[in-house]
Amino acid sequence: MLNCCYCEPTTVAEALTLLAEHGDGARVVAGGQVIALLLRQGFIKPSCLVSLQSVAGLDGITAEQRGVRIGAMVTLHRLGNAGNEYPTLRALSEAAHTVADQHIRNRGTLGGNICGAHPASDINTALMTLNAEVTLVSTQGERMVNLHEFLAGPFTTTAKPGELLTEVTIPGFALRRSAAVYCRFSPRAGDFPVVSVGAFVSLDDTGQCQEPRIVLGNCLGAPTRATEAEQRLAHRNLLEDTRSLTEAATLAATHLTPRSEPMASSAYKQDLVGVLTRAALTEAVARALEVRP
Ligand SMILES: Cc1cc2nc3c(=O)[nH]c(=O)nc-3n(C[C@H](O)[C@H](O)[C@H](O)COP(=O)(O)OP(=O)(O)OC[C@H]3O[C@@H](n4cnc5c(N)ncnc54)[C@H](O)[C@@H]3O)c2cc1C
């Protein structure tokens, strides 16, 4: 029998006070999907569950000069459609569409998926591809952290006790001809991906690639940048030198040793990284070129 209080604050300030009062004993509940499993299996024994379901102001999506801000309680279902309205979110929508099934997407939230920090999270891989920042708030104040620094390892983040993730900011694309793509592979529909890849390219007026990003999901404990592959693309003219895409995909596959799983060996994952990276980069370049001057 669970001996713990269940609170439904209606403002962020009330939620933060509850988190501060209960310290390590408090757990945030968003969609409740992961929390419910952890409670049922006895992995956590909180003294207080703080639900965000009634907290006002956490479910908006707004475009501002700094970028697109997405509230922590936006559902994955809604994220799946957001790319139609906000073009910079297209890859994130692709990722949200692939999560599990409609039931999970209806209930699961952006904040819950990020803070759950699953190594195979579709959302975290796509968000890192988009260079997302998370906003963390506590009774001590507010800070913004790049998602790359927020995700510390499998099921672990650098959130401090009492901190609430309130929103995510996706910066705008600096160059007009920019695009991101998210690809994943799983043998069965509805499963977490065996491997996923996010690719972002940005082409200047001459076709030179500026600040590319390639992010690999479910290879290590958290989504990982393929930096050697990125370096191979940086400042290359991708309109003339299409071999670079294949070379970058090969580097992405060979410069890390993915962790093995019962259903997928490390070598198999490396092969998948190569194939998916090539596909994601090719599609990203094609999309970037679709953008009219
Ligand atoms: C059967 C199944 C299949 C799934 N398949 C996939 C998949 O293919 N791809 C994928 O990416 N995901 C998948 N997921 C994960 C799913 O997307 C997440 O469970 C869901 O998004 C978690 O969101 P939630 O709102 O239910 O979080 P909750 O369960 O409420 O919370 C999760 C964790 O985050 C913390 N938390 C939640 N919100 C905040 C906040 N705002 N600030 C601070 N801490 C917070 C909670 O305390 C808890 O530790 C799957 C889950 C299930 C159950």
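Mentor: Let us begin with what a domain is here: the bounds of each domain come from an automatic or database domain assignment. The model itself is predicted, and for this protein the assignment gives domain 1 (5–51), domain 2 (61–171) and domain 3 (177–290). Taken over C-alpha atoms, the centres of domain 2 and domain 3 are separated by 20 Å.

Trainee: How many residues does the contact take from domain 2 and from domain 3?

Mentor: Residues are counted as in contact if their C-beta atoms, placed from the backbone, lie within 7 Å. The contact takes 22 residues from domain 2 and 18 residues from domain 3. On the side of domain 2 that touches domain 3, the elements giving two or more residues are helix 4 (90–98), helix 7 and strand 8 (151–153), and helix 7 gives the most, with six residues. By class, the residues on that side of domain 2 divide into 11 nonpolar, seven polar and four charged.

Trainee: Why does the shell around the ligand lie between domain 1 and domain 2?

Mentor: It lies between them because domain 1 (5–51) and domain 2 (61–171) both give residues to it. There are 30 residues around the ligand, of which Gly31, Gly108, Gly111, Gly112 and Cys115 come nearest.

Trainee: Which elements each supply at least two residues of that shell, and which one gives the largest share?

Mentor: Strand 2, helix 2, helix 5 (102–107), helix 6 (110–116), helix 7 (122–129) and strand 10 (164–171) each supply at least two, while the largest share, five residues, comes from helix 6. By class, the shell has 16 nonpolar, 11 polar and three charged residues.

Trainee: In what sense do strand 2 and strand 3 pair, parallel or antiparallel?

Mentor: Strand 2 (residues 26–29) and strand 3 (residues 48–51) pair in the parallel sense over four bridges. The chain crosses from strand 2 through helix 2 (residues 33–40) to strand 3, in a β-α-β crossover that is right-handed. Residue by residue, Ala26 stands opposite Cys48 in strand 3, and the bridge partner of Arg27 in strand 3 is Leu49.

Trainee: How many bridges join strand 1 to strand 3?

Mentor: Three bridges join strand 1 (residues 5–7) to strand 3, and these strands run parallel. Cys48 in strand 3 is the bridge partner of Cys5, and Cys48 also stands opposite Ala26.

Trainee: What does the secondary structure of the whole protein come to?

Mentor: It comes to 11 helices and 14 strands. The radius of gyration is 19 Å, close to the 19 Å that the globule rule gives for 293 residues, so the protein is as compact as a globular protein of that length.

Key:
Residues numbered from 1 in each chain as written. Predicted model: local features only at pLDDT ≥ 70, side-chain atom pairs only at ≥ 80, totals over all residues. Pairing = 2+ DSSP bridges. Right-handed = clockwise from strand over helix to strand, strands pointing away. Near = placed C-beta within 6 Å. Nonpolar A, V, L, I, M, F, W, Y, C, P; charged D, E, K, R; others polar. Contact = placed C-beta atoms within 7 Å. Rg over C-alpha atoms; globule rule 2.2 N^0.38 Å.
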